[in-house]
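Please open the structure in your viewer and keep the selection tool at hand. The stops below say what to select next and what is there.

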Amino acid sequence: MSAPYYINVTIHVLAALIWLGGMFFLALVGAPVLRSVEPASLRRELFDQLGRRFRSVGWITLGVLVVTGIDNLYFRGLLHWSAIWANADFWRSSYGTALGFKLAAVSAMLVVEGYHDWVLGPRAGQAAAGSDESVDLRAKASAWARVAAMCGIVIVVAAVRLARP
């Protein structure tokens, strides 16, 4: 493989680290710390600021991941419709199955992350601090974030299978 391929893969892996690492940091460190912050209005404001900032970083990294992912397919010769995408034998192979899982998980993750970041998160940020609505929206946002993180784990497992068939 060429130097541009390795540079592209490196950028792809770094973007994945930023996105998935950021999600785990928020879930395992940020959210537990913020849950103990009082008053509730300050806690809501801090959650909202963290969410907005990470949303910007997250969607930039997701864009980088999509572009470098497509580039990775190109470098590996996997953008030929008749030889790959329309070839049922390819999709039955272990490589094709891993790629299929990765593409499905990426698609699911983008939908889940979009709903979390552009619908639930903003609603939770606008709800009155400590209200039943706020508690409900934060619980829903947390659940959707967990689903996105699980999609991220599936993506990583599939990526390892693609790199080490």
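Begin by selecting Thr-68, and show the residues around it: leaving aside its neighbours within four places in sequence, Thr-68 is in contact (heavy atoms within 4.5 Å) with Asn-8, Ile-11 and His-12. This is a predicted model, in which local features need pLDDT of at least 70 and side-chain atom pairs count only at pLDDT 80 or more, while totals for chains, interfaces and linings use all residues. Residues are numbered from 1 along each chain as its sequence is written, and side-chain values use heavy atoms, with hydrogens and water left out.

Staying with Thr-68, colour helix α2, residues 40-75, in which Thr-68 lies; helices here are DSSP runs of H or I with at least four residues, numbered from the N terminus. Thr-68 counts as buried because its relative accessibility is 6%, where buried means under 20% relative accessible area and exposed over 50%, with partly exposed in between, for a 1.4 Å probe and protein chains only. Next, display the backbone oxygen of Leu-65, which lies 3.4 Å from a polar atom of the Thr-68 side chain.

Now select Phe-47, His-116, Ala-141, Ser-142 and Ala-145, which, among the 38 residues lining the largest pocket, lie nearest its centre. A pocket is an open set of points on a 1 Å grid over the protein atoms alone, where a 1.4 Å probe fits and protein lies on both sides within 12 Å along at least five of seven lines; lining residues have an atom within 4 Å of a point. The volume of the largest pocket is about 980 Å³, a volume being the space filled by probe spheres set on the points. Of its lining, α2 provides the largest share, ten residues.

For the second largest pocket, the volume is about 840 Å³. Select His-12, Asn-72, Lys-102, Ile-155 and Ala-159, the closest to its centre of the 32 residues that line the second largest pocket. Two or more residues of this lining come from each of α1, α2, α5 and α6, and the largest share, nine residues, comes from α1.

Finally, move to Pro-165, found in the segment after α6. Is Pro-165 buried or exposed? Pro-165 is exposed, because its relative accessible area is 76%. With Arg-92 selected as well, the C-alpha to C-alpha distance between Pro-165 and Arg-92 is 14 Å, and the two are 73 residues apart in sequence.

Methods: Polar contact = N/O pair within 3.5 Å; in protein donor to acceptor, adjacent residues only side chain to side chain.
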